[in-house]
Amino acid sequence: MIKRTSIIFLVLFLCLSTKAFPDAGISDDYLIRFELPFGIGSNQTVLGKGSYVNALFSVESFVHKKEDIKVDIILPEGLKAIAPQEVIADSGEIQAEFTLRTENDIWYRLVQLYVQPDTLEGKYDISYQLTFGGKVYKKTVSCWIASQDYIKESIHLLRFSVPADKEGNPDLKRQENTFVIKEANSRLLNSFNIKKSAHDAELIAVELENTGKFPVTLSLDYVIYDKNTGRPIEWLANLRDEQGFDVPGIYTQIFLKPNQKDVTMLRIASQDISMMQGDYKQKLSIGVFAAEGAFITEERPLRVEELNTTIALSAILSVVISLLGIVGMLVFRSALFGGLTSREYILIGLYAAIAFSLVSIPTTIIYNIFHALLGPFSFLVTGIFSEMIFYLLLISLIVLLPRRGVILCFIFAKFLLGAVILGKITALSIIWYPMRAVMLEAALFISGLYEKDFLPLDVSGHRKKTRIPKSKMLWVAFVFGITDAFLAFISLNITMFFYRLFYAGWYIWAYVLISGFLYTFIVVPMGIHLGQRLKKVAVD
Amino acid sequence: MKSMALFSPRQKIVLILISAFYAISTDNPHLMGGYFIFMVALFLTAGVDSRKKRVWLAAVVLTLWGTIFSQSLFYAKMPRTILFSLINKDTPFVGAFTGGLNFYKEGIEYGFIQAMRFGITLTCGLLVCFTTESKDILRAAIRLKLPYSLSFMVSIGLRFIPLIVAETKTVVSAQRMRGFSPMRSGLIKPIKTARTVLLPILVNSIRRSSMLSLSVESRHFGRKQAFYLPREKKENIFINTALFCLGLLIITMGIIKAFYFLYLSSFFYLPELRIIYSLAEKYI
């Protein structure tokens, strides 16, 4: 795996232009590159005594002709070539002969070097020579050698800011060590595989200082761990795989000249963030590039907050609708209630009492029992009382009294009965009941149930005293079904918002479809039938 | 001395409202637990009889368990540890649909903490309900400017609930004698049967409404708002002060929470409010 990814990386590397490697040697016809250690690009670094490093030597042809080439690399004292054996003339010299056959043909070798522990600290030159077609091309590259302790002591982590702003400063507008993700684990939108984030990217700033006398290239590794298992989180591992690395985490290099400090930004693109809210561990590891092991590590807790806009918007929407409902009821009080006769008030009061007796009380008792037995799936049973019988009563009342304001009175009276008798006053019910009243009044308006022309006319132009046509009945059922589905959705969301509860996306859909739409859709035609039968009694 | 004897019905309504908003304005388990214990203490010292105490206990325990149950299944925070799987994610259809349904260890604790919110409102509601006559609460609500038409409907409802319950029992007994058994045959059948149960009760209600309307209109109802509200006892000033302070505290907590939410979601930030953010994060 390591070998394969190294080769892919190497080939990609070799495809880059010479501009990316200003230190690369260019003869008229050939591009020669010597990277020590391999992967460092145009940077330079100090090598630690006693360490193993890989160097890359490559030659690329720019001419369309066959050419035999000879390479000689002379290593300074203190550097010893280990592998591959095919190119080692002696431990201090590397020699190779090869043929480039055509334009863009490349020859390359990764040479493993050993920095001998007894080497003196300082700057060393590595010279290499290319011989082809009677021409000789020579170049020298420099490297520095120092003890590993010296390197460690000269590198200082000045700052590790999570999150950071675009300038690399700590983002004071946001909470420290916190990522904010939006809909990353959305209960609803995840069903459609839609993920968005609150920010374009989460930025992490690392400020480092090199107080030593040698240039150094450092590798930075940032990993997020599961607090319980201690394993890197899955999405980071996947992200890393795509990049062709083996260590799960975000990785970058930083080059520091002697007595220089610099800020490096680690960026996690928001579309890549796929993590659940909660508490994690984050770890930053810093080591010398191409050397084994990190010498600075910092581990901190990381909190991931989810900004679920669906829930927040539902809560805001419900509060707004409720306020509108209450204000509207107060402002248009006479228009809404003024036309109601005392008989109608009494009838609504009695209906509310029936609803309370047959819906609220059984629901309160049954809900608690079934909630304990079936947990979140109790709605399948309790929905029969809370939804079906409620709508049976409501629709029959509307058929009896097809006027605006009736639903409002009925729902408020039922709520107040619950409040007065059972003490059922919660913040949620204060928001929920006015909103429900407003939405159902709107549904009543859309369904046209209180319009004069709801019943078909006969040939003489009189209202037929027949049953409401099936198509109209289905239309009313559909409108109330959709409205109740919307109300069910809002209800779950505001419960999640105010009571900080969790529900899975599929559960919300199941609840909305079954308890919200299906139960209501089934029962509305029955309610119309019941209302029509009762109307005969009322007329009699 | 009975704790709730000090409260007037109006103060009790205010207490319910305060408790309701308190329950949703804090995330601090200690603050929530503390208030829950305070409510339980009020309940236990309110002189409620043992049967009602058992009802309260059963309701609280069932609510706690129900919330713990659902939150253990849907707990969506890290870290989380699977205790056991109800539906494996590899189960055909259901597994793919749900993505697996597991019982999470951390969800138990989380569910318990969140259930305290319900515990607070439930205990407070039952406390007021068990220690106050419904008509007194309704009078207090009218004094709190409840629209007269609504209070009239509620009064009618209150007056007729016992009658409706008795009628329902009679109709259900009659239906049972004819073989009615709810929940026996699917979803539609019980509803159809329920319709037949409802019909006589609703017919009676319609007839009753006609008679009642004649009765109230003959007493000049609706022409002028004239109703008698007995003079209320003088309210305890200390309770009023305590409720006022508690109300103020909850409004402050709500505002702090709102600012913290805006800060956390990167909608609004003011450096001057950092102390508020810190307060919200650590204590509220």
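Predicted model: local features only at pLDDT ≥ 70, side-chain atom pairs only at ≥ 80, totals over all residues.
Figure 1. Chain B has 284 residues, and 48% of them count as buried. The chain contains 10 helices and two strands. Along the sequence, these elements of chain B follow the order α-α-α-β-α-β-α-α-α-α-α-α. Among contacts in chain B with a separation of 6 or more, 72% are made by residues 24 or more positions apart.

**Figure 2. The stacked pair of B:Tyr22 and B:Tyr35.** The ring centres of B:Tyr22 and B:Tyr35 are 4.2 Å apart, with 25 degrees between the planes. B:Tyr22 belongs to helix H1 (residues 9-25) of chain B and B:Tyr35 to helix H2 (residues 29-44) of chain B; the two residues are 13 residues apart. Both B:Tyr22 and B:Tyr35 are buried.

**Figure 3. The interface of chain B and chain A.** The size of an interface is often given as the accessible area lost when the parts come together. Between them, chain B and chain A bury about 7900 Å², of which 76% is on carbon and sulfur atoms. Chain B supplies 89 residues to the contact and chain A supplies 86 residues. Eight residue pairs are in polar contact between chain B and chain A, counted where both residues have pLDDT 80 or more. On the side of chain B that touches chain A, helix H8 (residues 188-218) of chain B gives the most, with 19 residues. That side of chain B comprises 54 nonpolar, 22 polar and 13 charged residues.

**Figure 4. A salt bridge between A:Arg303 and B:Glu281.** Two salt bridges are found across the interface of chain B and chain A. In the one between the side chains of A:Arg303 and B:Glu281, the distance from N to O is 3.6 Å.

**Figure 5. The edge-to-face pair of A:Phe57 and A:Trp107.** Over all chains, the whole structure holds 43 aromatic pairs. In the pair of A:Phe57 and A:Trp107, the centres lie 6.5 Å apart and the planes make an angle of 65 degrees. Because A:Phe57 lies in strand E4 (residues 52-61) of chain A and A:Trp107 in strand E9 (residues 106-115) of chain A, the pair ties together parts that are 50 residues apart in sequence. Both A:Phe57 and A:Trp107 are buried.

**Figure 6. An aromatic cluster with residues from chain A and chain B.** One aromatic cluster is formed by A:Phe377, A:Phe379, A:Tyr503, A:Trp506, A:Tyr507, A:Tyr511 and B:Phe74.

Definitions and conventions:
Residues numbered from 1 in each chain as written. Chains lettered and ligands numbered in written order. Heavy atoms only, no water. Contact = heavy atoms within 4.5 Å. Buried area = accessible area lost by both parts, 1.4 Å probe. Salt bridge = Lys/Arg side-chain N within 4 Å of Asp/Glu carboxyl O. Polar contact = N/O pair within 3.5 Å; in protein donor to acceptor, adjacent residues only side chain to side chain. Helix = DSSP H or I, 4+ residues; strand = E, 2+ residues; numbered from the N terminus. Nonpolar A, V, L, I, M, F, W, Y, C, P; charged D, E, K, R; others polar. Phe/Tyr/Trp six-rings, centres within 6.5 Å; stacked < 30°, edge-to-face > 60°. Buried < 20%, exposed > 50% of the residue type's maximum accessible area, 1.4 Å probe, protein only.
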